[in-house]
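User: Here's a model I'd like to go through with you, one question at a time. Please start with the ground rules.

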Amino acid sequence: MTPLRPPAAFLPVAVALTAFALGACAPDVHDEMPGRAQAAPPAAAQSGGLKTLRQIQAEENARPISPPRPQPPPAPPQKLSDASQAPGQPPGQPPVRRRGSSSPPPPPIDQPATPALPAPGSTQGLTDRAKRDLMSPEVDRLRTDDAMGRLDPLQQRDLLRKQQDLRQYGPGPLGY
């Protein structure tokens, strides 16, 4: 009699089934090297298997819905005894908060408003005076040349424009 050999096409399937059967029979994995990080077990092992959406919804619907508990009304503020008052403090004043106390802080103290400072003065006058001081020597030279008849028509036009600009910056120290 000749032994029966499976065809070669069934060999990978047989190997896979054998590996699966051995894996199912394997005991739980134990930590052989304590102190080293281990991977967390899969989620299916933690919850006893994967749940479908319908199973989760069924569990949610099966839970009894409890009505919300009514909240007790807040306790009225208690009157502090005279012993809790700081010495030398009038009895009508709120107590001084001690360090590390869980009591609420005292109300803020009204402080006087800080006096408002006057707005800084304008520097426009100083700027105008500096511009006038820079232009004055040139205008004086052009006026002298014009009085002597040395200016051509284009220079006379420049003199008139510079005099107009000089008037824009206000009177000079001599009043013109």
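Analyst: First, a term we'll need: helices (H or I, at least four residues) and strands (E, at least two) are DSSP runs, numbered from the N terminus. Residues are numbered from 1 along each chain as its sequence is written, and side-chain values use heavy atoms, with hydrogens and water left out.

User: How many helices and strands does the protein chain have?

Analyst: Read along the sequence, the protein chain runs α-α-α-α-α. That gives five helices and zero strands.

User: Which element has the highest mean pLDDT?

Analyst: The chain averages a pLDDT of 75, and 55% of the residues score at least 70. Where pLDDT is low, the predicted coordinates should not be read in detail. Helix H2 (residues 43–47) has the lowest mean, 54, while the highest, 94, belongs to H5.

User: What share of the residues counts as buried?

Analyst: Buried means under 20% relative accessible area, exposed over 50%, and partly exposed in between (1.4 Å probe, protein chains only). The accessible surface of the chain (Shrake-Rupley method, 1.4 Å probe; for residues, only the protein chains shown count as cover) comes to about 16,800 Å², with 61% of it on carbon and sulfur atoms. Of the 176 residues, the buried share is 9%.

User: What does Leu-151 touch, not counting residues up to four places away in sequence?

Analyst: Leu-151 belongs to that seven-residue core. Contact means heavy atoms within 4.5 Å. On that basis, and leaving out residues up to four places away in sequence, Leu-151 touches Leu-142, Asp-145, Asp-146, Gln-156 and Leu-159.

User: How many salt bridges does the count come to?

Analyst: Side chains of opposite charge can pair when their charged atoms come close. The rule for a salt bridge is a side-chain nitrogen of Lys or Arg within 4 Å of a carboxyl oxygen of Asp or Glu. By this rule, the number of salt bridges is five.

User: Where do Asp-140 and Arg-143 sit relative to each other in helix H4, in terms of helical turns?

Analyst: Their side chains form a salt bridge, N to O 3.9 Å. Asp-140 is partly exposed at 34% relative accessible area, and Arg-143 is partly exposed too, at 30%. The two are three residues apart in helix H4 (residues 124–147), so their separation is about one helical turn.

User: Is Asp-145 buried or exposed?

Analyst: Asp-145 is in helix H4. Not counting residues up to four places away in sequence, Asp-145 touches Arg-150 and Leu-151. Its relative accessibility is 16%, so Asp-145 is buried.

User: Which residues are linked with Asp-145 in a network of salt bridges?

Analyst: Asp-145 pairs with Arg-141 at 3.4 Å, N to O, and because they are four residues apart in H4, about one helical turn separates them. Asp-145 also bridges to Arg-150, with the closest N and O atoms 3.5 Å apart. Arg-141 is partly exposed at 45% relative accessibility, whereas Arg-150 is exposed at 55%. The residues linked with Asp-145 in the network are Arg-141 and Arg-150.

User: Which side chain makes a polar contact with the side chain of Arg-167?

Analyst: Arg-167 lies in helix H5 and counts as exposed, at 56% relative accessibility. A polar contact is a pair of N or O atoms within 3.5 Å; within protein, one must be able to donate a hydrogen and the other to accept it, and residues adjacent in sequence count only if both atoms are side-chain atoms. The partner, at 3.0 Å, is Gln-164.

User: How many Å apart are Pro-171 and Arg-132, C-alpha to C-alpha?

Analyst: Pro-171 is in the segment after H5 and is exposed, at 56% relative accessibility. Pro-171 and Arg-132 are 39 residues apart in sequence, and their C-alpha distance is 8.8 Å.

Conventions: Predicted model: local features only at pLDDT ≥ 70, side-chain atom pairs only at ≥ 80, totals over all residues. Core = buried A, V, L, I, M, F, W, Y, C linked by side-chain atoms within 4.5 Å. pLDDT = per-residue confidence, 0-100.
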